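Here are a few notes to go with the structure, written for someone who is opening it for the first time. Have a look at it, then read on.

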Amino acid sequence: MFRNLYPDNTAASAYDIDYKSLYESGKRGILFDIDNTLVEHGADSDERSERLFTMLHEMGFKTCIISNNREARVKRFNKNIGTLYVFKAGKPSKKGYLKGIEMMGIRPDQAIFIGDQLFTDIYGANKAGIDNICVKPIAKHEEPQIILKRKLEWIIYRFYRRRVRNA
Ligand SMILES: [Mg+2]
């Protein structure tokens with residue numbers, strides 16, 4: 001059940017992922033959600049996120065932001081980072097993911113997607129056939145509709161963990 005909603009992997013944070021191993025396993029490009037994945041919803045880039053991109057580029061990764069937000073918001077976050085980006089990506093449609101991969105000039109199997117929401121981020125990545133990691137949201141204050149979504153995610157996670165245990 002819910003197969004397309006299950007992440008390939010989970011992590012506590014985008015800042016707590018072994019990127020070196022990903023590179024060694026053949027990954028060459030990383031697609032990132034912004035809000036609640038790299039920074040709090042609506043926030044500018046901070047030192048931590050800027051350092052992450054610098055490190056990834058030094059390791060040899062291509063990177064691309066893929067956000068459902070408007071271009072102005074994505075540009076503001078990207079000001080000190082200067083990575084590729086897809087705005088109004090329309091996640092969970094697979095279009096934005098495939099566009100990001102094309103921009104990075106890599107094959108889908110060389111890409112990894114990192115985001116915080118099962119119903120948009122992970123669902124879309126699975127539909128696009130891109131390996132993915134779901135991270136815990138950075139959020140501090142969340143809107144009521146997001147809180148409802150989190151509760152539904154919690155239910156999916158229960159099935160997911162059960163499946164992982166029984167695998
Ligand atoms: Mg997000």
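The points below start with the overall fold and end at the metal site.

1. First, a caution: this is a predicted model. You'll find six helices and six strands in the protein, and going from the N terminus they run β-α-β-α-β-α-β-α-β-α-β-α. The radius of gyration is 15 Å, close to the 15 Å from the globule rule for 167 residues, so the protein is as compact as a globular protein of that length.

2. Of the 167 residues, 44% are buried. Counting contacts with a separation of 6 or more, 67% are between residues 24 or more positions apart.

3. Now the magnesium ion. Its protein donors are Asp-33 (OD), Asp-35 (O) and Asp-116 (OD), at 2.1 to 2.2 Å. Along the chain, the donors have the spacing D-x1-D-x80-D. Asp-33 belongs to the loop between strand S2 (29–32) and helix H2 (47–59), and Asp-116 to the loop between strand S5 (111–115) and helix H5 (118–128), so this pair ties together parts 83 residues apart in sequence.

4. Are Asp-33 and Asp-116 buried or exposed? Asp-33 is buried, at 7% relative accessible area, and Asp-116 counts as buried too, at 2%.

Note on methods: Residues are numbered from 1 along each chain as its sequence is written. This is a predicted model: local features need pLDDT of at least 70, side-chain atom pairs count only at pLDDT 80 or more; totals for chains, interfaces and linings use all residues. Side-chain values use heavy atoms; hydrogens and water are left out. Helices (H or I, at least four residues) and strands (E, at least two) are DSSP runs, numbered from the N terminus. The radius of gyration is taken over C-alpha atoms; the globule rule is 2.2 Å times the number of residues to the power 0.38. Buried means under 20% relative accessible area, exposed over 50%, partly exposed in between (1.4 Å probe, protein chains only). Contact means heavy atoms within 4.5 Å. Donors are N, O and S atoms within 2.8 Å of the metal (3.2 Å for Na, K and Ca); water is not among the atoms, so sites may look incomplete.
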